[in-house]
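Me: I have just opened this one and would like to go through it slowly. Could you take my questions as they come?

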Amino acid sequence: MKSIIWLGLFSMLVSPSLFAYNSFKVKNQPNETISNNAQITYKELFTSAGVLKSNIHGLVGLVKHYGIFKLSCAAEGGVRVDHNILSAQHKTLYLDGKALAVDLSHGLPEPVIANLKVANSVSFAQEITNTAGEVIPANQIISLAGFEASYYRVSYLCNEQQKVTAALRL
């Protein structure tokens, strides 16, 4: 019995880092398909204040059954954009063929997110590996079709989530 409890506690501690790639995995039946390159998933909870959508995730840049970018609700409101790249420090990425050297080790800076919204594609000067261990060759063009629409849809869903949550607190 003790070993089961310890195993449970251990899995809770290590699961976010070891199994993070699952949150970037393309879903077979997303709640919303923005394009063939972008999807949004969430869970619906029916409450007295209305439908609460939770665990909202948008995936964009679908390569080898994984999204390169994940959009989710930020703690302070707004949208958080994460990438699915291991060893992401000092990568040169190309947005529509235009080079942009950036340190992605601490997430995506706001200027990069603004550029992703208007770009058609992204590629990397170096070979990259996603968190599932899939290798994406250097200079492979990754479509950003649906990034901007996904960003604004996730933003809307996050705002609606906050309204329902606030109404539940009353």
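Me: Where do helix H2 and helix H3 stand relative to each other, and at what angle do they cross?
Reply: The axes of helix H2 (residues 110-118) and helix H3 (residues 147-169) come within 7 Å and cross at roughly 120 degrees. Axes here are lines fitted to C-alpha atoms, for helices over the stretch in contact, with angles running from 0 to 180 degrees between N-to-C directions, while helices (H or I, at least four residues) and strands (E, at least two) are DSSP runs numbered from the N terminus. This is a predicted model, where local features need pLDDT of at least 70 and side-chain atom pairs count only at pLDDT 80 or more, although totals for chains, interfaces and linings use all residues. Residues are numbered from 1 along each chain as its sequence is written, and side-chain values use heavy atoms, with hydrogens and water left out.

Me: Which residues make that contact?
Reply: From H2 they are Glu-110, Ile-113, Leu-116 and Lys-117, and from H3 they are Phe-147, Glu-148, Tyr-151 and Tyr-152, where contact means heavy atoms within 4.5 Å.

Me: Phe-147 is in that list, so which ring does Phe-147 pair with?
Reply: Phe-147 pairs with Phe-69, and because the ring centres are 6.1 Å apart with the planes at 85 degrees, the pair is edge-to-face. Rings of Phe, Tyr and Trp (its six-membered ring) pair if their centres lie within 6.5 Å, and planes under 30 degrees apart count as stacked, over 60 as edge-to-face and the rest as tilted.

Me: Are Phe-69 and Phe-147 buried or exposed?
Reply: Both Phe-69 and Phe-147 are buried, a word that means under 20% relative accessible area, with exposed being over 50% and partly exposed in between (1.4 Å probe, protein chains only).

Me: And what about Tyr-151 and Tyr-152?
Reply: Their rings are also edge-to-face, because the centres lie 5.5 Å apart and the planes are at 85 degrees. Tyr-151 counts as buried at 10% relative accessibility, whereas Tyr-152, at 45%, counts as partly exposed.

Me: Changing topic, which residues does the disulfide join?
Reply: The disulfide joins Cys-73 to Cys-158, with an S to S distance of 2.0 Å, the rule being a pair of cysteine sulfur atoms within 2.5 Å. Since Cys-73 lies in strand S4 (residues 66-73) and Cys-158 in helix H3, the pair ties together parts that are 85 residues apart in sequence.

Me: Why is the disulfide of Cys-73 and Cys-158 called left-handed?
Reply: The reason is the torsion about the S-S bond, which is about -95 degrees. As for accessibility, Cys-73 counts as partly exposed at 25%, and Cys-158 counts as buried at 4%.

Me: Now Leu-59, where is that found?
Reply: Leu-59 is found in strand S3 (residues 50-63), and at 3% relative accessibility Leu-59 counts as buried. Leaving aside neighbours within four places in sequence, Leu-59 is in contact with residues including Phe-24, Val-26, Ala-38 and Phe-69.

Me: What is the bridge partner of Leu-59?
Reply: The bridge partner of Leu-59 is Gln-39. S2 and S3 pair in the antiparallel sense over 9 bridges, where two strands pair if DSSP finds at least two bridges between them, and S2 and S3 form a hairpin with 2 residues between them.
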